[in-house]
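Reader: Could we go through this one together before I set anything up with it? I'd like to start from the overall surface and then work down to details.

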Amino acid sequence: MPSKAAADTPLFAEREEWADVQPLEQYEGVNPIAPIFYSPEYKDATGYFRAIVQAGEKSARVLELTENIIRQNPAHYSAWCYRYETLLALLPPPAEDADAGAQPDIPPLLAAELALMDELAVTFLKTYQVWHHRRLLVPLARQPRRELAFIQRGLAVDAKNYHTWSYRQWLLAACYGRGAAADPAMPDAVLDEAAGVWAGELDFVDAALAQDVRNNSAWHHRFFVVYGARGQADSEAERARIFRRELIYTKQNIAIAPSNPSAWNYLRGVLRETNTPFAAVQDFARLYAYPHSADETRDVVDLDNPAPGADAELPCVQAMEFLADAWETEAGAEMWKSLANEHDTIRRQYWEHRIRDAHQTIKPAVE
């Protein structure tokens, strides 16, 4: 179906300014087995697109044509690619006397393109090509702060959208990461704000998880910020501080929603990143891997191992799996049996597979 914008405008074949172009129809063979039934608006626009690509034209009307096609089919990779090439051809060259370290002024044509992307990225939030095109524009505009503000607006529309979070990670790494300092085209103003941007990123993630502790994209982004983007801290004391902070943070969020797989997966990631055995936190996992005890008391709050609330549904499947992986012994196989036969029967075949693997590992060790 054509978009409203495409349906409300005349066909290119009816426009006087396009009379000098002979459209090229798509060749599908003499008798195609399964012909594609394109709308008249789409056939019209793509016919003219093939003609201008063949002629190599790069002009303002090409931007209008490719926008028309993109609004009808935002995944049209060739239209996006040719649009970018046309944009580069039309943008003015950088001023020779411009200060390379200063924040550049955005040319009107590029400003209009960014405004269009602000609209299309929300309209077509889950289309790869929209986000890829936006990445190409960032080195031209060199104003990543603007992009961070746009991302925040996008996440207000869809807090878990993979493309938006992925774009944020790319932006942080490309404009504020270690490699950005070595880029002579990166303005000094951008480099100067890098420390502040990274310092506020955990607060940004905390706010997202406070709204929805099960937001897996936010958990993934937290790991990217803490461990992925800039690597381990330089000193042993700082690494130990970060490790303890992440353990406490994750445990506290597990206590809020014990059956949240995102938090348990994050806990696994922290342990693996720091080469810490799972058994180091088995006392915490035990609190969630078994039913509530009749004689349990909640008078003392253990910040290192926060207990589940009285209304938590226990045993927690994720905690049981974590303990089984920590033990990796016959006791672990028994836990998997409990999951397969009682607590997580929908994944029975997976747990039975784990049990078989465990027995094969244990048997040679015994022999």
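Reader: What does the accessible surface of the protein come to, and what share belongs to carbon and sulfur atoms?
Author: The accessible surface is about 20100 Å², and carbon and sulfur atoms hold 54% of it; such areas come from the Shrake-Rupley method with a 1.4 Å probe, and for residues only the protein chains shown count as cover. This is a predicted model, in which local features need pLDDT of at least 70, side-chain atom pairs count only at pLDDT 80 or more, and totals for chains, interfaces and linings use all residues. Residues are numbered from 1 along each chain as its sequence is written, and side-chain values use heavy atoms, with hydrogens and water left out.

Reader: How many helices and strands are there?
Author: The protein has 17 helices and 0 strands, where helices (H or I, at least four residues) and strands (E, at least two) are DSSP runs numbered from the N terminus.

Reader: And what percentage of the residues is buried?
Author: Of the 367 residues in the protein, 43% are buried, with buried meaning under 20% relative accessible area, exposed over 50% and partly exposed in between (1.4 Å probe, protein chains only).

Reader: Let's go to helix packing: how do H13 and H15 cross?
Author: The axes of H13 (residues 261-273) and H15 (residues 317-327) come within 10 Å and cross at roughly 25°, the axes being lines fitted to C-alpha atoms, for helices over the stretch in contact, with angles running from 0 to 180 degrees between N-to-C directions. The two helices are therefore roughly parallel to each other; angles under 35 degrees get that name, while over 145 counts as roughly antiparallel, 65 to 115 as roughly perpendicular and the rest as oblique.

Reader: Which residues of H13 and H15 meet there?
Author: Pro-261, Trp-264, Leu-267, Arg-268 and Leu-271 of H13 meet Gln-318, Ala-319, Glu-321, Phe-322 and Asp-325 of H15, a contact meaning heavy atoms within 4.5 Å. By class, this contact of H13 with H15 has 6 nonpolar, 1 polar and 3 charged residues, where Ala, Val, Leu, Ile, Met, Phe, Trp, Tyr, Cys and Pro count as nonpolar, Asp, Glu, Lys and Arg as charged, and the others, Gly among them, as polar.

Reader: Why is H15 largely enclosed by the rest of the structure?
Author: Because 10 of the 11 residues of H15 are buried, and among them are Glu-321 and Asp-325.

Reader: On phi, then, what is the value for Arg-142, and what is it for Asn-275?
Author: Phi of Arg-142 is near 55°, a positive value in a residue other than glycine, and phi of Asn-275 is likewise near 55°. Arg-142 is in the loop between H6 (128-141) and H7 (144-157), while Asn-275 is in the loop between H13 and H14.

Reader: Is Asn-275 buried or exposed?
Author: Asn-275 is exposed, with a relative accessible area of 71%, whereas Arg-142 counts as partly exposed at 22% relative accessibility.
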